[in-house]
Amino acid sequence: MATPALSASNTKLKGIDPMTENFIKTKDGVNLYYKDWGKGQPIVFHHGWPLSSDDWDAQMLFFVQHGFRVIAHDRRGHGRSSQVSEGHDIAHYAADAAALTEHLNLKDAVHIGHSTGGGEAAAYVARHGKGRVAKLIMVAAIPPLMLKTATNPNGTPIEVFDGFRAALAANRAQFYMDVASGPFYGFNRPGAKVSQGSIQNWWRQGMIGSAKAHYDGIKAFSETDQTEDLKKIDVPTLVMHGDDDQVVPIAASAELSVKLLKKGTLKVYKGYPHGMLTTNADVLNADMLAFIKS
């Protein structure tokens with residue numbers, strides 16, 4: 001017997017349309033996909049470029065098993081969220097996070113951001129989080145400013161980011177394979193234990209997203225000065241960074257951020273790479289849990 005064609009009318013279950021469940025629409029019409037598991041104090045995860053909420057699997061499973069409610073969304077243009085043309089900047093990223101927290105009415109929340117997501121989380125807490133946030137954790141995060149300037153001499157030269165844009169435009173699939181196979185997880189270091197699954201999962205997440213969002217996102221994560229955001233944050237903040245981070249070097253990020261935060265604590269991980277949430281999830285998960293409970 002032939003299976004009926006799938007349609008919106010015959011796939012509805014108890015009044016829920018699977019094509020719209022777990023999405024919210026922002027004020028400017030962007031559909032944001034999110035996950036929301038468990039009960040308890042909420043933890044909101046902000047993913048890095050050019051990935052998705054799937055990059056937090058190891059953390060979400062860990063914390064939901066420790067009695068927390070865990071929430072993660074796909075940034076606009078990333079993962080399963082709308083591939084919109086505009087708004088790929090830190091201000092919109094933070095506003096989108098605010099739309100999600102307001103929709104879910106989250107209070108006493110812990111926000112954890114990795115890389116670009118660390119910039120997004122910091123901007124959200126500084127600009128929108130008053131009264132809703134308990135703590136902030138920034139992991140291998142981009143603030144205060146990645147770009148090398150006259151006042152930020154340890155930053156990364158603009159030519160590096162121009163190279164990212166050129167490589168993305170020329171062959172995004174190969175560029176993403178090269179990033180994941182090399183500097184992101186430190187798999188280019190002598191003696192590194194290479195995980196082909198991690199490489200393929202990174203590539204999968206990246207290729208689901210929008211090429212334009214990722215192209216524009218390079219400017220967002222490299223040229224946004226978040227000095228003032230960091231100065232405004234008044235909740236306890238844990239800054240976690242590997243001293244062998246080849247993507248966001250520690251001297252121009254974590255070591256400066258902690259000096260700008262009112263209640264910042266820096267924890268440095270010897271030899272850990274940018275993608276240490278995957279390569280060293282057991283260590284970082286335990287440290288984040290201890291900070292949240294402290």
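This is a predicted model: local features need pLDDT of at least 70, side-chain atom pairs count only at pLDDT 80 or more; totals for chains, interfaces and linings use all residues.
A crossing of two helices is left-handed if the near helix is turned anticlockwise from the far one by less than a right angle, and right-handed if clockwise. Residues are numbered from 1 along each chain as its sequence is written, and side-chain values use heavy atoms, without hydrogens and water.

Helices α4 (residues 158–181) and α5 (residues 196–208) cross in the right-handed sense. Their packing angle is about 145°, and the axes lie 9 Å apart (axes are lines fitted to C-alpha atoms over the stretch in contact, and angles run from 0 to 180 degrees between N-to-C directions). Helices (H or I, at least four residues) and strands (E, at least two) are DSSP runs numbered from the N terminus. On α4, the contact (heavy atoms within 4.5 Å) involves R172, A173, Y176, M177, V179, A180 and S181, and on α5 I199, W202, W203, G206 and M207.

Two cis peptide bonds are described next. One joins W49 and P50, with omega about -5°; P50 belongs to the loop between β3 (42–46) and α1 (57–65). Another joins P143 and P144, with omega about 5°, and P144 sits in the loop between β6 (133–139) and α4.

Positive phi values occur at D108, near 55°, and at S115, about 60°; neither residue is a glycine. D108 lies in the loop between α2 (90–103) and β5 (109–114), and S115 in the loop between β5 and α3 (116–127). D108 is partly exposed, at 44% relative accessible area, whereas S115 is buried, at 7% (buried is under 20%, exposed over 50%, partly exposed in between; 1.4 Å probe, protein chains only).
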